[in-house]
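Hi,

Here is the model I promised to pass on.

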Amino acid sequence: MLPGDVSKSMVPRSSCDRGAAASDSAHAGMNFDFSDDQKLLRRTAREFLTAQAPLSLCRAVLESDASYSEALWQEVAELGWLGTAIPEAYGGSGFGRVELAVIAEEIGRTLAPIPFASTAYLASEAILLLGSEAQRRTYLPKLASGEWIGTFAHAEQAGHPAPADVRTVLADGTIRGDKVAVADGDVAHLALVTARCGETIGLAVVELSAPAVDRTRVRSIDPSRSLAALRFQAAPAQWLGEAACGWDRIQALLDRAAVLIAFEQLGGATRALELTREFTLGRYAFGRPVASFQAIKHRLADLYVEIELARSNCYYGAWALENDGSELGLAACGARASASDAFELASTEMIQLHGGVGYTWEFDCHLFYRRAKWLAAVLDGADRWRDRLVQRLATERTVRRES
Amino acid sequence: MDFNDTPDEAEFRATARAWLEANAERLKPGERGPGLESRADPAAIQRAQAWQARKADAGWACITWPKQYGGRGSTAIKNVIWKQEESRFRTPPDIFGIGQGMLGPTIMVHGSEEQKQRYLRPMLRGEEIWCQLFSEPSAGSDLAGLRTSAVRDGDDWIINGQKIWTTGAQYCKWGMIVTRTDPTAEKHKGITYFIVDMHAPGIEVRPIKQINGLSGFNEVFFTDVRVPDRNRVGAVNDGWRGALTTLMNERHSIGGGGAGGPDFTDLLALAAKTTVGDRRAIDDAAVRQRLARFYIRLKGLQYTSYRTQTALSRGQTPGPESSIGKLVGAPLRQDMASFAIDLQGVAGAMNDRERASDEGAWQQMYLGAPGLRLAGGTDEILRNIIAERVLGLPPEIRTDKGIAFKDVPSGRKNQ
């Protein structure tokens, strides 16, 4: 039904094709599900976050001057979640990306107000993917322990950056330039910054405590997740890896982060649906629960369908990320675009189906509405990922025709 | 997460593939399996019956049926594996699905021992083809509103009324019919289920011409049709339970199989060869957005079916995720066809095998797609099912409860 290369690779193969790293549970077989250990991790994470990260915590950060919840950050760090996908040699626990995805979904459900995505999916992933051995040894233990917060700084103006839009320059060990809307940029210790050296684009490693770094906190559409403008005025910096890695490697990093952030979006969407379902069952009008009207039932059914389609795309994304094969490019686009849309739809429906109270500051709907848009924005909106998807499909098609 | 067979499943797949290699021809790259349009062609029916008999002789008919009725006595996941393998070979259209997938299992649960002995084996071998006589002009989504009557007459029942949307009525030997046997009872409580000989006197089959010009469905008229009481399935006035078994099996048997016609690969190819202004359609931003949306939905459905297969492989009943296939797939095919026609510009108005792009396949899909959204549960009924059974929202408020069926308003009142 679908383009050959991708779907063929997904056709169940005979067990003799299976590599050494087979399923870890007693069950093998068509296994598009999490293992028992991963399910246990999910249960543990959900119990912990239900207790420690109620929506009131998100609201408390949103209504205060705090950039994030330091208490929750400490607890999450102690649980070792930040090092989930970091090898033990660098201070992590050496699990895989699927485990990280499981945690991401739970964080998404609770709108946890911590710089988890910036640190774990972007900074740590960047160093794992592109860093030199020395950089890994220097930075990963700090990020894995939660001692340092990491982030990724890319955009310099409104719009979707092309290579030519990167005007930040790294030369002679210093970096100069401006970055806008850097997630957690006001509190991060370490930033991976897109920069150029002549025509080549790479990722610069910048320690943000340097005096030549100016950071200005800016108002965020979701104040439970902070944003800052960064100005580098000849701040000390080095390339991640031995040299500027090139634009394509940065896209590869974004693909990886996209899958993990998609799981946060999936979690948020699912929780929004659950809360909306609960509300409409308890809210009576015209003598019946509003959830008994087809106008409401069908909208909730449609929302459920969109979330399940996104969930399936996310699961495939997690599988592709774990296997790190050629499937990842398309899988990331599918997971990211569908999860962005599902969370945004869930949060808009949440407000609409709550009616007037959904528009009040007092109700929690706006926490979801804000987080959905924030998560959609920080890694490019769904439209960009759809465009990237077709670009990749067209390339695959050309390659197939020429071979 | 992985997508490999268990050793047991792998062995089953290899055995199935080996038998298929020896008994059928593999589809060539790009070649599609049979569509549904040729179903009523007598030569195609003969080929289908010959293929079914061959499968039955070798133990490949009705994978999940108990061995005592000629089945393989195997699991749902092996049935999925068999269908995956069989779909890679050139085989006749499957005209036995309604019997083998829905009615046979109903007889196994609600039928008498005599009925099981008499009907199941010929059904499995494809010697006797079956149809399902459920919908009526005034009872579609509201199936229990059916009015076709059965009145006791000695050892027989006399059936009068009209059924509609009956697939295959013109070539079937047997049908299973739900009838009204007590109009003074509440609507679900006066229904009785029968097996009826489609060649019995008083049955008239009229094909329905669909908007795509084909006739996959029929109207079936019953005028004083005599059915012996031994053909009753289940107790008198308890037929709704049997009907629910049939419908449950219908839901389980839907999904997986493609409905034929062009697919995303064809759509991508079309976008690469048509133009928008001075560039290829595939390079146009708006076109790309649409293409990506189609791809992601199709993939979402495909991966959702993997989740269903995972449950089957573990011997679990598939969860609610299996209910979304048709609700998403049918409108998606309609949208893809509409978009493909738009890509063709003015030429898209042609529905002409000789001249239209892809031999007019998109135009045919466009004209066929509305039926997919209605058959086997309309989009709206499927949304109700998801809302009520998956999300646990309240059922519809009913105005036909607690009153005799004969007092329930029905049909169209504005004629």
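Before the notes, one convention: I call two residues in contact if their C-beta atoms, placed from the backbone, lie within 7 Å.

Residues are numbered from 1 along each chain as its sequence is written, and chains are lettered from A and ligands numbered from 1 in the order in which they are written.

On confidence: pLDDT is the predictor's confidence in each residue, from 0 to 100. Chain A averages 92, and 92% of its residues score at least 70. The stretch to watch is residues 1–28 of chain A, where pLDDT stays under 50. The model has 51 contacts beyond four places in sequence for that stretch. Where pLDDT is low, the predicted coordinates should not be read in detail.

Back to Trp239(A). This residue sits in strand S8 (residues 238–239) of chain A; helices (H or I, at least four residues) and strands (E, at least two) are DSSP runs, numbered from the N terminus. Is Trp239(A) buried or exposed? My cut-offs are 20 or more other C-beta atoms within 10 Å of a residue's own for buried, 12 or fewer for exposed, and partly exposed in between, with C-beta atoms placed from the backbone. Trp239(A) has 21, so it counts as buried.

Two backbone spots in chain A are worth a look. Most residues other than glycine have a negative phi. Leu111(A), however, has a positive phi near 50°. Leu111(A) lies in the loop between helix H5 (97–110) and helix H6 (116–130) of chain A, and is buried because 31 other C-beta atoms lie within 10 Å. Asp324(A) is not a glycine either, and its phi is positive at about 55°. This one is in the loop between H9 and H10 of chain A, and is exposed because 12 other C-beta atoms lie within 10 Å.

Next, the domains of chain A, with bounds that come from an automatic or database domain assignment. They are domain 1 (36–145), domain 2 (150–239) and domain 3 (247–402). The centres of domain 1 and domain 3 of chain A, taken over C-alpha atoms, are separated by 21 Å. Each of these two domains puts 23 residues into the contact. On the domain 1 side, helix H3 (55–63), H5 and H6 of chain A each supply at least two residues, and the largest share, ten residues, comes from H5(A). That side divides into 15 nonpolar, two polar and six charged residues (Ala, Val, Leu, Ile, Met, Phe, Trp, Tyr, Cys and Pro count as nonpolar, Asp, Glu, Lys and Arg as charged, and the others, Gly among them, as polar).

Between the chains, 50 residues of chain A are in contact with 52 residues of chain B. Which elements of chain A supply at least two residues each to the side that touches chain B? They are strand S10 (288–289), helix H9 (294–323), helix H10 (328–354) and helix H12 (382–402). H9(A) gives the largest share of that side, 15 residues. By class, the side of chain A that touches chain B has 26 nonpolar, twelve polar and twelve charged residues.

As for chain B, its secondary structure comes to eleven helices and twelve strands. Of its 415 residues, 40% count as buried. The C-alpha trace spans about 75 × 55 × 45 Å along its principal axes.

Chain B is divided into domain 1 (7–95), domain 2 (130–251) and domain 3 (255–375). The C-alpha centres of domain 1 and domain 2 of chain B lie 29 Å apart, and six residues of domain 1 are in contact with five residues of domain 2. The domain 1 side of that contact has four nonpolar, no polar and two charged residues.

Finally, in H10(B), the buried residues include Trp362(B), Met365(B) and Tyr366(B). The buried residues of this helix pack against helix H9 (325–343) of chain B.

Cheers

Definitions and conventions. Predicted model: local features only at pLDDT ≥ 70, side-chain atom pairs only at ≥ 80, totals over all residues.
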